[in-house]
Amino acid sequence: MGILNRNVRKFTKAESFRSFMEGVRALHCYDNEADLDEPDEDLLNKHLGKAEEFFRDCVETYPNDLLPRYYYGIVLSTRGQVEQARQLRSELEQGQSGTSSVDPDSLFLRAAKHFEKIAGQVGRGKSGRDLLVYAQYNQAQALAKTQPIPQTGPVKTS
Amino acid sequence: MHHPAIRKFWHRAAICTILLATGCTDKATPAKEKFEPSPTRTRHVTFVQWTDPHVFDAGKGRHAEGVREEELDNWAAFHWAVIETNRMALVEHRDINFVAITGDFGLENVNLPPRGAFAAEGCPNPNPDKGPQKEGPINRIELAEAATRVARELDALVVKRVYLVPGNNDLCNENPKDLHRWAEFVFELQTDLKNLYQARHPNVPANAQNNPNEDKADKGKGKDDQELDKVEVLDLTDSLGRLCNTKPPDPRVTALFPNGCPPRQVAPVINGIHLLGLNSAFFKKHADSDQAAADQPISDEIDRVSRSLQSESAYLLFTHIPDLSDPFRPPKVPSESSWYLEDDTLKKNQVREKWKNKILGKPQVLGVFAGHFHISDRTLYPHNFAKLTSDDTTAAKFWLAPPLAEKYQFRSPPDKTARGMLLVSVNADGDTRVSGEESEIVQPSALWYATADQKTAVTGDEKLAQARAAELDGEWEKAATAYGTVLADPTVDARTRTTAYNGYWHAHKMTSKWWWESRVARWFYLDGLPVLYSVGIVAAIVLAFALLVAPLYVGIRRKIPYRGRALISATVQLTPNAPDKEFAARLRAEGEEIKRLLTQEKESWAAGHITLLAPASSSFDSLVSSIPKVEKVDVSALVKFVVGLLQTFRWTAQTGVAVFPPDQPTVPSTPTSADCVVPDAEVSAYAVLQWGWIVRNSWHRTLPVGKDRAALRHLARELAELIVGEGFV
C-alpha cells in the first residue's frame, strides 16, 4: 500500500533531484544520439550507462522518490530491449542461439518490479494518477517482452 | 582526721570560692550537647528556686482594679512557675531534685483561725502605706483557704520535694514572735497535700509518706526522685518543731499537736548536699521599740544555723532576705545591708562576725540562695550585685532569685520586668552554676517569667528568626548554632528559651540523620533541589524557546514555501579574477536548461515552477537613480532601500565563486592574461538559499579544472540543480 496522496514529484533531498536531472540529461543525450542516422554504439552505451548509474544511485539512496525509480525502470526496460536486440542480431549472424552478457529477461523483470513498486507507492490522488497508469502500462510492457515460460509436460485436458 | 578524698574536696571548694568571688566564669558559647544529668548523682543537685509569690498580700500600694489585677498576675506567675518547672522536668528531662520557695507568700495578710484557747488572729496593720490611692492589699482570707490554694498548686508539681523558708511578709510586722503564723501555714499546707494525695489514693495508709530527710541517693537508690509519688513540703527552718519544743512552747503551735510535739527536724540531704534554712524574715530593721525584741531571735537564728554546720559536709543555705543593701533605697540614703544585726549599732560586730566566720565564710557552705528584692533590673539576678555589698564573700556566695510577684514592677512592660525563677545546678566540689543549663560552658542566668500571650518582641526573637530561617533552608547546623546562641543568652525570657530549646533539639536530631552525616546526601538535600529547579527552569526556557521559535521557523518555511523560484543575487568573487559574472550567467543558463529538459520530459508542471531570476537590472538601477531629489530628499536612495528591503524578503540564492590556481601552473601565466581558470586549477563555489535571514539550505562544491572551462559549467549546473531541486523537497 503506498503513501496516500503522495506527491509523486516530491524528492527527499535536493541531491536526489540533482541525480535525477543528471540521469535525465544522460537519457536525453542517449535519445539524441539514437536519433542520428548512424549512431555511435559506444556513445549510446555510455549515455545509457550513465543514466542507469545516476538513477540507480538515486533509487538506492532515496528509495521513496518515485520519479527516479520510474525512470530507472525505463532505463532498465531500454537496456532490456537493447540486449534483446543484440541477442537477436547475434542469432541472425551466427544462426544459433545468441548469448548476451546480460539476460534481457532479468532486466525486464527488474524493470517490471520497479514499476510495480511505483504502482504500490503512488497515491490514488489526482497528482499520481498519470504515473500510476504509466507505471502499470510499462510493467505490462516489460513483462510482455520477456521470453515465454517453456512447457515441460503434456497439457492435461479434461 | 580527714579522709584524703575529703581533703581534695575542700581544696577544690576553696578554689571555686575564689573563682566565684572574682566573677570568673566560662565564656558563653552555644550549647552543643544534650543536657544530660550529671553522670554521678553524688554531690550534685539541681533545683529551682521560687521566691516572693505574694499571692496573699498582692496589691500593696495599688489603686482600684490594680489591687485585684496584681493578685491575678501573681497567681498567674505562680501557675507559670509550676508549669515551667514541670516542663523542664518532663520536656527537657532535667533531673530537678527539689523546689525551694524562699518566702513571702504574704501570710501577714491572712487571718489565723482560733486555736484552743486562742482566738482568731489578724495582723493589725500589714500595710502602713494604705491610703486614698492605695487601697491594697487584697482582702484577707483565712489561713486554711490560703494553705489549700497553695497546696493545689504544689500538688500539680512533678518535682515532689518542696522546701520552704519564711519571708518578712509572712510574719505580721516582721515580728519574730509571729513565727507561729508561718508554722501554722506550713502545717496546714502539709495536711492539705496529704489530704489531696489521700483523695487520689484511698488505699494508701494516711500515715505513709516520703522520707525526704533520708539521703536516698547515698544509699544507692538511683531513681528515688522519680519514685516519690506525692509532694512533700518541708520547712527548712523547722519552725513547727522549734516552736513546739522550745521553752516555753508556742501555745498555738502545741495546739496543732494534741498528741505531743513532733521530733526536731533533721536537715534534708540531697545527693550528699545538706540543705539548711536561715529564717531571715525578721532581719530587717525594726522600729526602735521593736528592734530589741528582734535582736535576740536574730542572734539565736544565726547560732542555730552555725551549730547545724558540720565540717565534713556540704551545705546549701536558703533564706529570704539577703545580706545585701536594698537596691530600692533612695539615692541619699547610705548603703547598708538589709540585715539589721544588733551589733550594727553597737559596733561590736559580734553577730555579723559570727555569721561571716562561722557560716558564710565556711567552705562547706557552697551558696546562700535568697530573694526579697523586687527591682526590675534583670542584670542584678542572679549574681551581679557586687555594688550591693562591700564584702567579697557575700558577693561570691549569695545568689539572688527574681521575684514571681508583680510587686513594684507593674508599671513596666512584660519584657522589661525582672520576674521569674532560678534553675540551679550545684556540684558539691563547690562549682555552683545558676543557670538555665547544666553545661560547664554556660553562664548563669535566670528564667524570666513571660505570660503565654506575650506578644512584645523580646531579646532573642531576632536570633530565633535567624534560626527559623536556617531551619526553613534546611541548614540544620546553622539552626542548631542559632538556637544554641539564644539558649546561651542570659537575658532571654522563658518563652524564647522554650522555643529555642525545642528548636535546638529538632535541629540536633536532624543533624544526627544519616543523610546529614553523608556529605553527598547532604549536598543533594541542600543543593539538589535548587540544582533540579535550575535545570528545570533552563529546560523549560529551552522548551519554551523551541516551542515558540521552532513553529515560527517552521511556520515561516510553510507559509513561504519554496517552489524553485529564486532570485540569483550577484555572485561574490571570492578570489581575485574569479569569473563571478560568467558563473552567475551559467547558473541562470543551467536553470533554463533544467527547465527545458523537464519540459521535454513532459514534466511541464515542474518546469513551470523553475525560474532562476537575475537581480535588479542595471536599467532598473538607472531608472531609480534618475528620480530627482525632492527638497533635499534623496528619493532614489529611498526607493532603492525599499526595493532592497522587498528583495530581502523573498527567496534568494546567494552565490560565490573562487578559483584556486594549480600548485605548478602548466601554462606560464602572461601578464596580459587575467583568466585564472587554467588547467589543474580548482574552481569552488557555494550557494545559500534563504528567505530574509532564514537559511533553507546551502551547498559548497569544488571541481578540478581540466583542459577547458567545463568545470565552471559543471559546477554551475550542479548548484543550479541543487537550488532548483530544493523546490521539490
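This is a predicted model: local features need pLDDT of at least 70, side-chain atom pairs count only at pLDDT 80 or more; totals for chains, interfaces and linings use all residues.
Helices (H or I, at least four residues) and strands (E, at least two) are DSSP runs, numbered from the N terminus.

Residues are numbered from 1 along each chain as its sequence is written, chains are lettered from A and ligands numbered from 1 in the order in which they are written, and side-chain values use heavy atoms, with hydrogens and water left out.

I start with chain B as a whole. Chain B holds 21 helices and 20 strands. Of its 729 residues, 50% count as buried; buried means under 20% relative accessible area, exposed over 50%, and partly exposed in between, with a 1.4 Å probe and protein chains only. Chain B exposes about 34700 Å², and carbon and sulfur atoms supply 57% of that area. Such areas come from the Shrake-Rupley method with a 1.4 Å probe, and for residues only the protein chains shown count as cover. As for contacts, meaning heavy atoms within 4.5 Å, 75% of those in chain B between residues at least 6 apart in sequence join residues at least 24 apart.

I now come to a sheet. Five strands of chain B form an open sheet in the order S7-S8-S9-S10-S11, and the pairing is mixed. The edge strands are S7 and strand S11 (398–400) of chain B, each of which pairs on one side only. Helix H8(B) packs on the sheet and touches S8 and S9 of chain B, its direction making about 170° with that of S8(B). Helix H10 (residues 350–360) of chain B also packs on the sheet, touching S8, S9, strand S10 (365–370) and S11 of chain B, and its direction makes about 125° with that of S10(B). For these angles, axes are lines fitted to C-alpha atoms, for helices over the stretch in contact, and angles run from 0 to 180 degrees between N-to-C directions.

Within this sheet, how many residues of strand S8 of chain B are buried? Six of the six residues of S8(B), residues 273–278, are buried, so the strand is largely enclosed by the rest of the structure. B:Ile273, B:Leu275 and B:Gly277 point one way from S8(B), while B:His274, B:Leu276 and B:Leu278 point the other way.

What does S8(B) pair with? Two strands pair if DSSP finds at least two bridges between them. Two bridges join S8(B) to strand S7 (residues 269–270) of chain B, and these strands run antiparallel. B:Ile270 has B:Ile273 in S8(B) as its bridge partner. The hairpin of S7(B) and S8(B) has two residues between the strands, and there B:Asn271 takes a positive phi near 50°. Six bridges join S8(B) to strand S9 (residues 314–319) of chain B, and these two run parallel. The chain crosses from S8(B) through helix H8 (residues 288–308) of chain B to S9(B) in a right-handed β-α-β crossover; right-handed means that, with the strands pointing away from the viewer, the path from the first strand over the helix to the second runs clockwise.

Eight of the 10 residues of strand S18 (residues 651–660) of chain B are buried, so S18(B) is largely enclosed by the rest of the structure. S18(B) pairs in the parallel sense with strand S15 (residues 565–568) of chain B over two bridges, and likewise in the parallel sense with strand S16 (residues 572–573) of chain B over two bridges. With strand S19 (residues 682–691) of chain B, S18(B) pairs in the antiparallel sense over 10 bridges; B:Gly656 has B:Tyr686 in S19(B) as its bridge partner.

Finally, some backbone features in loops. Most residues other than glycine have a negative phi, and most peptide bonds are trans. A cis peptide bond joins B:Lys247 and B:Pro248, with omega about -5°, and B:Pro248 is found in the loop between helix H6 (239–245) and helix H7 (251–254) of chain B. Another cis peptide bond joins B:Gly136 and B:Pro137, with omega about 0°. B:His372 has a positive phi near 85° and lies in the loop between S10 and helix H11 (392–397) of chain B. Is B:His372 buried or exposed? B:His372 is buried, with a relative accessible area of 8%.
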